[in-house]
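User: I am new to this structure. Please show it to me, and then I will ask about the terms used for it.

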Amino acid sequence: MRARLFGVLGLSGLFLLSAHPLSAQQGTLTGRVVDVESGQLLQSAQVQVLGVDEQQAGGILSDAQGRFRVQLPPGSYSIVATLVGYRQERVDGVTVSAGEMTEVEVRMTSTALELNPVVVTASRRREKALESPSTIVTISNDRVEERVALSPVDHVKALPGVDVNQTGLTQSNVVTRGFNNVFSGALLVMTDNRYASVPSLRFNAYNMIPTTQFDVERMEVLLGPAAALYGPNSADGVLHIITTSPIDDPGTKVAVSTGERGVFQTQFRTAFQLGEDAGLKFSGQFMQGDDWEYLDPVEVRAAEENPDTPLIGERDFAAERYGGEVRFDYRAWDDGEVILNAGHNNLGSSIELTGVGAGQARDWGYSYVQGRLTKGRLFAQAFLNKSDAGDSFLLRTGQPIIDRSTMMVGQVQHGFMVGETQDFTYGLDLQRTEPKTGGSITGRNEDDDIINEVGGYIHSETALSDKVDLLAALRVDHHNRLEDLVFSPRAAVVFKPAENQNFRVTFNRAFSTPTTNNLFLDLRAGRIPITAGVGYDVRTLGVPESGFTFTDRCTGGFMDYCMQSPFAPGQLPANAALLWDGLVQTLVPEPLRPLLTGPEAGDLGTVLRRFNQEEADFLPDSGPVDIERIKPTISNTFEVGYKGVLGGKLLLAADVYSNRLRDFVGPLRVETPSVFFDPATVQTFVLERLGPAIQGGLVTQEQATEIITNVSRLPVGTVAPDQSPSTDLILTYRNFGDVDLWGADLSFQYLATDRLSLTGSYAHVSEECFDFDEDGNCTSANDISLNAPANKGSLGARWDDRVTGLTLEGRMRYSEAFSMNSGVYIGDIDAYTSFDANVSYQLPWAPGATVTVTGTNIFDNVHRESVGAPEIGRLLMVRLAYEF
């Protein structure tokens, strides 16, 4: 509370200092109005100086050279420029001194540029969004800064084709075009060309990104595959956060936010120039709040069964994080620069879903260092990402999570022109991932789990005419844990019939490599108790190079399978009858034991059952299936798209795509059947042996039924793979066959006036799940779920008046119901609608100060977006921000 009070008082003091005193002697304000894209001077722009008499400075017009001039009393002012075809632009903090001249430049953004901004993610070079061969959506700096957000995800929730499953205050899983999962890393997330996922785990933890909202220049979301340029793990698109240079954006910005659920957040950014060609930036943030609460029944049961393991189910709902960054820019050349930056984020407390249950993050640190160099078409960089899991642990078992993994990456790219119609871009990527888990995650694989990857690409753009471009690319990647090279071709024809119009047909072949967990996971994920002191560990394993096979055969076993049993040592035939007499001594009252021992051959049968995670029960099974060595998932995507600006005010985008995924890697599944007595033969045998005793009144029918039930429900062994001969129930991964689907993404942005804009989006995917066993749902071990809705959409409106300093925004998001099947989290998610609103107001008496109120799910439509996650309710937050 004291920290909050000091923060608010400090800001209030700054606001009071910014109020401008009046003096009898005036100063001169001169300036010019410039097009931000072309640098062209703009004439006839109406320039208004806020806070003075309208006759004195309320309607100045820039002259033919784009210049204006006005006499003003000394003080601090805000300048607003208005021009048809341009967005209103406001410059705050313009100081006029008595008897002196102050110069200011107003840089205006045309509506054409607002609808067709410059992007870099689609082709790894600067180009207009309407010229790129992919659909790419941008979120500008002012959109980011004007909303109170606890995570970068808050800015992309309403974008076309983007699927967001929010699992807490700051936790989310994000993909494009479906195939979401808990602990997801399917979407390639970058900050300034650096991979932003947690190394080794390849998990996109957005609350571990140390970048503040003041750092963001823009966010770019690329829909669809991008492997031809970005290599592995970009098959589902790219989210790229691009930050501002301290040279271009000097000054200091601070903000203090508070809100429901005990939310308190503070952020700052300060940047200053070191001469004309260098700049230095520092930024940081702190956030805390009370997360929505959810109790996992599996954790509750495990805590009751393991009272001596205090960490099981010990959820800390107090979310907390802090972090900071430093960046140095040096523009050594007119066409290049050197950038050095580093950052650290500490996740003090957060509950994160994983494929084996929730984990409690406690003091989980994430840090990076990065160096970049550009010179003309040359781009080179190297970065190191490092993770330290601190005191984190798994909530279902209480086991510690140890992760001190690193990722080292080096990249170089260059390009050149041949004539005026042919452009080439080529590059090389090197990547080394070193898991360091102290045996906690990779277990027995700890000393043999390093992944090295190298990839090279060439990208060609040919102008066949002034309206038709041909694009082609080829990438080749080598992964030291895969058998074969992976090829990623790309081809596109782009037709531009008129300015700001783009039709395209594209083909992309992309791939996702196996994760560290897919290959090296070796982690106990729980235990299934059977009788006193006897039970089965549930163990998650990555797939070794040999795969998992069940070639060992034991004569006399069910279908000649072998088993490992906790009731007898060594490998045994999968024949439950072999253990009957021993179990009778344990499960049957002593007077009845002589009556039930010594069954003859054929008296007792054997069946197989497999543990079902959704129902927490053993269901009938036909036997194990070998698992081949993990292969990369290949995605072949054909896409037809249009994007264009109509009438200078309406941006339309439409994409229809067909996607075939080959060797899709499914989530963790139980792959080892358990051995049971056949209930029918047990019933017959027990009733025959105890029949006389029942008739004589020595045994009741209820006692006999209890014996039959107890024995029939008892798993007596595990059909184990050759590579892991143990009683553990093994969860692992496997490649599925081909998965075919098609989809469509539609969106619009309409600039109704220079203040009012409307947006909307709709996305459809043909399949919400793939029911391979045709049982009517997607919850079995052989099914694949999109874990995202087949239909979703959004509508939004925004009013931005730079003169009054008032911005109003509202949006509606709708998500259809869908099935979820991701690791241990299996079930159905209901449809939901969420309404969000935002109000931002620049204080007229302190132009550098802004008050913002943001509400998500403002009508408190309580809903769940992921199985195993809490229900999400309303969250209202207010922020005071000041810039000087």
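Analyst: What follows takes up a buried aspartate, a pair of strands and a pocket. This is a predicted model, in which local features need pLDDT of at least 70 and side-chain atom pairs count only at pLDDT 80 or more, while totals for chains, interfaces and linings use all residues. Residues are numbered from 1 along each chain as its sequence is written, and side-chain values use heavy atoms, with hydrogens and water left out.

User: Why is Asp 403 said to have no salt bridge?

Analyst: A salt bridge needs a side-chain nitrogen of Lys or Arg within 4 Å of a carboxyl oxygen of Asp or Glu. The nearest side chain of opposite charge, Arg 404, is 8.7 Å away, so Asp 403 has none.

User: What makes Lys 436 a contact of Asp 403?

Analyst: Contact means heavy atoms within 4.5 Å. Lys 436 is among the residues in contact with Asp 403 beyond four places in sequence, as are Trp 364 and Asp 388.

User: Why are strands E1 and E4 called paired?

Analyst: Pairing takes at least two DSSP bridges between two strands. E1 (residues 27-35) and E4 are joined by six, in the antiparallel sense, and therefore pair. Gly 31 stands opposite Phe 68 in E4.

Definitions and conventions
Buried < 20%, exposed > 50% of the residue type's maximum accessible area, 1.4 Å probe, protein only. Lys, Arg positive; Asp, Glu negative; His and termini not counted. Helix = DSSP H or I, 4+ residues; strand = E, 2+ residues; numbered from the N terminus. 1 Å grid on protein atoms, 1.4 Å probe; cavity = no way out; pocket = protein on both sides within 12 Å on 5 of 7 lines; lining within 4 Å. Points joined across faces, edges and corners; volume = space filled by probe spheres on them.
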